Amino acid sequence: MAPDAAADRAFRPLHVAVLTVSDSRGPGDDASGDVLAERVAGGGHVLAARDWVADDLAALTARLRALAQDPAVEVVITTGGTGVTGRDVTPEAVEAVCDKMIPGFGELFRWISFEIIGTATIQSRATAGVAGGTYIFALPGSPSAVRDGWDRILAAQLDSRHRPCNFAELLPRLGER
């Protein structure tokens, strides 16, 4: 049980899709995606999908939309494409798909990352948002960044027992209008 988890709350496994955004990584050579998929399963969640998409805004936006509309997916976590080079388009795709952004996710990720890599964290555009009833979290494409994002933020926030509050308990209300 997570350190801030409450024994009086039941754990509810979430259905999580892992999407690697890369022009060069795919099945068999995707260390970041492997780490993330292991963390998802190790956290008691269901790996609902595992996929790869090129650093292409139209293709990535289409794939995020499809995952967000899939009733078998509650959370999408991407790895890669969050930098500042011309092909890094993950934040733009996430913003195009999401109804609401969660600015605190990127802010917290960079604060955590600053402790580890110093000012290099400014190159990360990690972000998150809500698309319909689905969370989308965009992490950088390194295994260490994926570990930091999962271990220090997402493991607790996707755990329905985490107190004082968590993203998991809000899932039924994400589609409210």
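Because the model is predicted, local features need pLDDT of at least 70 and side-chain atom pairs count only at pLDDT 80 or more, whereas totals for chains, interfaces and linings use all residues. Residues are numbered from 1 along each chain as its sequence is written, and side-chain values use heavy atoms, with hydrogens and water left out.

Side chains of opposite charge can pair when their charged atoms come close. Here a salt bridge is a side-chain nitrogen of Lys or Arg within 4 Å of a carboxyl oxygen of Asp or Glu, and the structure holds twelve of them. One of these joins Arg50 to Asp34, with 2.9 Å from N to O. Arg50 lies in strand β2 (residues 46-53) and Asp34 in helix α1 (residues 31-42), so this pair ties together parts that are 16 residues apart in sequence. The helices and strands named here are DSSP runs numbered from the N terminus, a helix being H or I over at least four residues and a strand being E over at least two.

How far each partner is open to the surroundings is given by relative accessible area, where buried means under 20%, exposed means over 50%, and partly exposed lies in between, using a 1.4 Å probe and protein chains only. On this scale Arg50 is partly exposed at 25%, and Asp34 is partly exposed at 33%.

Glu92 sits in helix α3 (residues 90-97), while Arg125 is found in the loop between α4 (103-117) and β5 (127-131), 33 residues apart from its partner. Glu92 has a relative accessible area of 35% and Arg125 one of 25%, and salt bridges that share partners join Asp30, Asp34 and Arg50 into one network.

From these pairs we can turn to the packing of helices. The axes of α4 and α5 come within 10 Å and cross at roughly 120°, where axes are lines fitted to C-alpha atoms, for helices over the stretch in contact, and angles run from 0 to 180 degrees between N-to-C directions. The contact, which means heavy atoms within 4.5 Å, is made by residues including Phe105, Leu108 and Phe109 of α4 and Ala145, Ile153 and Leu154 of α5. By class, this contact has eight nonpolar, one polar and three charged residues; Ala, Val, Leu, Ile, Met, Phe, Trp, Tyr, Cys and Pro count as nonpolar, Asp, Glu, Lys and Arg as charged, and the others, Gly among them, as polar.

Asp55 lies in the loop between β2 and α2 (57-69) and is buried, with a relative accessible area of 9%. Not counting residues up to four places away in sequence, Asp55 touches Val21, Ser22, Asp23, Gly81, Arg87 and Val89. Glu74 is found in the loop between α2 and β3 (75-79), and Glu74 is buried too, at 15%. Leaving aside neighbours within four places in sequence, the contacts of Glu74 include Arg12, Pro13, His15, Tyr135 and Leu171.

Lastly come the cysteines. A disulfide is a pair of cysteine sulfur atoms within 2.5 Å, and a search of the whole structure finds zero of them. Cys98 counts as buried at 12% relative accessibility, whereas Cys165 counts as partly exposed at 44%.
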